[in-house]
Amino acid sequence: MARANDEVAELLQELADLLSITGGEGFKIRAYEKAAKAIAGHPEDVSTLSLTALKKIPNIGDAIAKKIVDYNETGTIRQVEALRTQIPAGVRALTEIPGLGPRKALQLHQDLGIASVDELVAAIGEGRLRDLKGFGAKSEENLLRGIAVLRESGGRVLIDTATELAEEIVATLSPLALRCTCAGSLRRGKETIGDIDILAAAPSSTELMETFATLPFVTEVIARGEKKTSVRTTKGLQVDLRVVPLDSWGAALQYFTGSKEHNVAVREIAVRAGLKLSEYGLFDTGTDELVVSSTEEEVYARLGLSWVPPTLREDAGEVQAALRGELPRLVQLEDLRGDLHSHTDLTDGIASLEEMVAAAAALGYAYYAITDHAPDLVMQRMTDEKMLAQRAQIQALQASYPDLVLLHGTELNIDADGRVDWDGDFLSGFDVCVASIHSYFTEDATARLIAACENPHVNIIGHPTARRIGSRPQVEADWDEVFKACARTGTALEVDSFPSRLDLPDSLIRRALRHGVKFSIDSDAHAIVHMKNLRYGMCTAQRGWLTPDDVINTWPLDRLREFLRKGR
DNA sequence: GCCGTTTTCGGCCCGACTGTTTTCAGTCG
């Protein structure tokens with residue numbers, strides 16, 4: 001649905017970045033950034049909209065609407081193309097490094113001719129930054145650390161990017177195959193994806209391979225054969241298509257879903273049972289006869305294991321649990337009764353309260369919390385009056401939604417001392433309070449997080465590690481101490497579903513679970529389209545082995561309210 | 001470049017931190 005929107009948003013953001021590097025006027029740059037956000041979050045496909053319709057989108061005026069029309073006609077925006085000839089792509093890539101912005105990127109380019117991250121690393125190594133005005137020893141250290149964070153994501157893409165691409169491919173290939181689905185790390189719901197694996201079952205692969213290799217976004221065919229074809233896409237992502245006969249579907253799906261470690265553990269069980277497991281099936285080692293292969297369930301069952309949900313297949317205890325028949329009943333998207341963290345255009349969201357509530361109602365939620373930012377995040381310009389006005393608005397709106405209970409909440413800011421924006425009196429007026437870290441990322445966050453838990457009005461710690469995948473590391477904290485405080489005080493930890501956050505990460509969820517902590521899987525939506533991100537938070541939650549009982553927003557409202565009272 | 005009960009010009013997201021300075025530019029949320 002949103003492919004054109006995403007591409008337009010990306011081009012507008014690039015325009016903003018290029019203008020900021022060339023020293024463009026600040027308000028103009030911000031206008032492009034706002035427009036990019038508006039387009040990315042706009043529910044309609046912009047490629048189908050007229051100039052007049054485009055101008056009706058908030059933050060899109062005459063000039064930008066014309067640029068979008070330009071895109072719809074030519075597939076690009078001319079001004080972006082023109083600027084690209086002035087600024088090498090590598091210079092913009094430099095600004096991806098945390099702590100390095102447009103001004104310094106330009107300075108590095110102009111003074112030292114640096115036009116890529118690799119060249120910057122080399123220049124630092126040669127000590128060439130030493131003489132540059134505004135750069136010192138500490139800068140070098142910070143740049144290198146920033147580059148390390150950037151590279152940790154090493155060519156991997158976020159789960160939403162990979163999912164959208166994979167689903168498009170599956171949709172295109174499905175009519176040509178008996179079965180077609182994605183496998184690999186995407187099926188396992190990993191937070192970042194290195195390459196996409198697509199599996200198809202068909203009697204003949206010719207047409208599938210031809211269609212796949214000539215998809216519009218394919219830039220290079222890396223390998224092409226009868227059983228397997230690999231391509232690279234415009235996003236630089238590798239996609240592999242494997243075609244298997246229908247009767248080996250189950251074994252093939254199991255094999256190509258991985259993880260490698262999980263498969264090794266499963267194959268060891270097969271070997272001990274005198275069996276051999278490959279992508280073609282489970283075979284008797286003695287006779288080479290096929291035992292089972294058509295469904296994953298059969299393959300696991302024949303080995304004495306219950307079917308293992310793909311999100312658990314990491315050889316992290318799931319094989320032993322499956323052998324004992326003790327796999328958890330994982331939380332599912334359908335279990336969620338509501339969303340407890342979302343924003344409107346009262347702060348930095350782009351949709352109105354009415355629009356967000358209507359979208360939540362359309363999703364069939366039983367309850368839905370609006371949690372706009374609080375005053376300490378100064379740029380959001382929140383005031384007591386605005387918040388109370390919003391509460392009145394929500395109360396009025398409630399009458400129109402007999403099946404949806406609207407909760408008024410806020411996302412508080414945990415300051416350097418662990419305090420939040422309002423005192424207890426004001427906070428007691430909210431149905432739910434999320435509290436999050438938005439600044440001071442470099443200090444030990446343990447005490448701040450524990451102090452927030454001990455606040456009797458704080459119900460949920462929002463995006464607890466404050467990481468941004470590929471661009472900002474987690475805050476440092478003694479997590480076990482934080483988890484103990486959560487369990488002791490009845491404070492839930494959020495699983496923020498934003499694809500660039502997915503926070504808490506799965507490994508910390510499992511650790512927190514051992515302390516008896518409860519969780520809230522939230523969208524943190526700033527636009528209607530973000531509400532669907534819950535599917536990604538759900539993957540992370542499953543990878544953390546969460547069951548419905550662990551997740552407060554699967555609970556009936558009464559039980560949720562009791563939890564939110566926090567013993568008050 | 002966008003926007004409008006301050007309305008077609010003149011505002012617009014404000015303040016703090018960091019590392020480099022010797023009074024501040026750049027970056028960030």
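In this predicted model, the centres of domain 1 and domain 4, taken over C-alpha atoms, are separated by 30 Å. Local features are reported at pLDDT of at least 70 and side-chain atom pairs only at pLDDT 80 or more, while totals for chains, interfaces and linings use all residues. Residues are numbered from 1 along each chain as its sequence is written, chains are lettered from A in the order in which they are written, and side-chain values use heavy atoms, with hydrogens and water left out.

**Domain 1 against domain 4**

Chain A is divided into domain 1 (4-152), domain 2 (157-244), domain 3 (249-324) and domain 4 (333-565), with bounds that come from an automatic or database domain assignment. Contact (heavy atoms within 4.5 Å) links 9 residues of domain 1 with 8 residues of domain 4. The two domains bury about 640 Å² between them, 68% of it on carbon and sulfur atoms; buried area is the accessible area (1.4 Å probe) that two parts lose on being put together, summed over both. On the side of domain 1, Lys37, Gly41 and Val149 lose the most area to domain 4, together 57% of what that side buries.

Helices α2 (26-40) and α9 (137-152) each give two or more residues to the side of domain 1 that touches domain 4; helices (H or I) are DSSP runs of at least four residues, numbered from the N terminus.

**DNA strand B**

There are 36 residues around DNA strand B, of which Asn59, Gly99, Gly101, Arg381 and Arg472 come nearest; a residue is near the strand if one of its heavy atoms lies within 4 Å of it.

| Residue | Protein atom | Distance to phosphate oxygen |
|---|---|---|
| Gly61 | backbone N or O | 2.7 Å |
| Lys138 | polar backbone atom | 3.5 Å |
| Ser139 | polar side-chain atom | 2.7 Å |

Helix α2 gives the most to the surface near DNA strand B, with 5 residues.

Note on methods:
Polar contact = N/O pair within 3.5 Å; in protein donor to acceptor, adjacent residues only side chain to side chain.
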